Amino acid sequence: MMSLQKSVKERFFHALGFEVLAIAICAPLGAWLLGYSLAHMGLLTLMVSLIAMTWNMAFNALFDSAQRRMGFTRTMWARVVHSVLFEIGLILAVVPLAAWWLDIGLWEAFVLDIGIVLFFLPYTFAFNWGYDHVRAIVIARRNRPSAACEV
């Protein structure tokens, strides 16, 4: 069984790795698919990434506070509500930004955001699966007795 204990430093490294790789994939892909320059899409993906990270921290703090105040447990339904509310908040922040930055309508920006969500579903799964796999290997190596210590 892998340890679920993660330091603040490791959580930061995980989030940073997630976002850097997402930008490295999304900026060139968005530039190619939408016909914008790599710099233009790169700045948009960076802004969206910063908004998503900030919203994630703020929303989770608000959700935790609501849980303490209302006393509910994190059932499957609570997690569904958490996910839906998080995505609605992110859409409200990102869609107007994308519409303005790309000089497109709100509907086109909303459709683009749906495409981004469809990308992030498998990306999040694959990134976290890979991260957990590599993390398990690193932890196993760290916990293995060193041959130099054996007598």
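**Helix packing and aromatic pairs in a predicted model**

The crossing of helix 3 and helix 4 is right-handed. The model is predicted. The axes of these two helices come within 8 Å and cross at roughly 125°. That angle makes helix 3 oblique to helix 4. Helix 3 spans residues 76–102, and helix 4 spans residues 106–143. On the helix 3 side, the meeting residues are Glu 87, Ile 91, Val 94, Val 95, Pro 96, Ala 98, Ala 99 and Leu 102. They meet Leu 106, Ala 109, Phe 110, Leu 112, Asp 113 and Val 117 of helix 4. By class, this contact has twelve nonpolar, no polar and two charged residues.

A loop lies between helix 3 and helix 4, and Asp 103 has its place there. Phi of Asp 103 is near 55°, a positive value in a residue other than glycine. Most residues other than glycine have a negative phi. Is Asp 103 buried or exposed? Asp 103 has a relative accessibility of 70%, so it counts as exposed; the cut-off for that class is over 50%.

Helix 2 covers residues 38–70. Its axis and that of helix 3 come within 10 Å and cross at roughly 150°. The two helices are therefore roughly antiparallel to each other, since angles over 145 degrees fall in that class. Helix 2 passes helix 3 in a right-handed crossing. The residues of this contact divide into 20 nonpolar, five polar and no charged.

Helix 1 covers residues 8–34. Helix 1 and helix 4 pack at an angle of about 140°, with their axes 10 Å apart. Helix 1 is thus oblique to helix 4. Their crossing is right-handed. Helix 1 contributes Glu 10, Phe 13, His 14, Gly 17, Phe 18, Leu 21, Ala 22, Ile 25, Cys 26 and Leu 34 to the contact. Helix 4 contributes Leu 112, Phe 119, Phe 120, Tyr 123, Thr 124, Phe 127, Asn 128, Tyr 131 and Arg 135. These residues divide into 13 nonpolar, four polar and two charged. Leu 112 of helix 4 takes part in the contact with helix 1 and also in the contact with helix 3.

Aromatic rings come next. The structure holds 15 aromatic pairs. A pair of aromatic rings is described by the distance of the centres and the angle of the planes. One of the pairs joins Phe 119 and Tyr 123. This pair is stacked, at 5.3 Å centre to centre and with 20° between the planes. Phe 119 and Tyr 123 both lie in helix 4, four residues apart, about one turn of the helix. Phe 119 counts as partly exposed, at 22% relative accessibility. Tyr 123 counts as buried, at 8%.

Tyr 123 also pairs with Phe 127. This pair is tilted: the centres are 6.0 Å apart, and the planes are at 35°. Tyr 123 and Phe 127 are likewise four residues apart in helix 4, about one turn of the helix. Phe 127 has 15% relative accessibility and so counts as buried. Which residues do ring pairs link into a cluster? The cluster is made up of Phe 18, Phe 119, Phe 120, Tyr 123, Phe 127 and Tyr 131.

Ile 23 has its place in helix 1, and Ser 49 is found in helix 2. With its neighbours within four places in sequence left aside, Ile 23 is in contact with Pro 28, Thr 45, Leu 46 and Ser 49. Ile 23 is partly exposed, with a relative accessible area of 22%. Ser 49 counts as buried, at 4% relative accessibility. Ile 23 and Val 48 are 25 residues apart in sequence. In space they are 9.4 Å apart, C-alpha to C-alpha.

Technical notes. Residues are numbered from 1 along each chain as its sequence is written. This is a predicted model: local features need pLDDT of at least 70, side-chain atom pairs count only at pLDDT 80 or more; totals for chains, interfaces and linings use all residues. Side-chain values use heavy atoms; hydrogens and water are left out. Axes are lines fitted to C-alpha atoms, for helices over the stretch in contact, and angles run from 0 to 180 degrees between N-to-C directions. Angles under 35 degrees count as roughly parallel, over 145 as roughly antiparallel, 65 to 115 as roughly perpendicular and the rest as oblique. A crossing is left-handed if the near helix is turned anticlockwise from the far one by less than a right angle, and right-handed if clockwise. Contact means heavy atoms within 4.5 Å. Ala, Val, Leu, Ile, Met, Phe, Trp, Tyr, Cys and Pro count as nonpolar, Asp, Glu, Lys and Arg as charged, and the others, Gly among them, as polar. Rings of Phe, Tyr and Trp (its six-membered ring) pair if their centres lie within 6.5 Å; planes under 30 degrees apart count as stacked, over 60 as edge-to-face and the rest as tilted. Buried means under 20% relative accessible area, exposed over 50%, partly exposed in between (1.4 Å probe, protein chains only).
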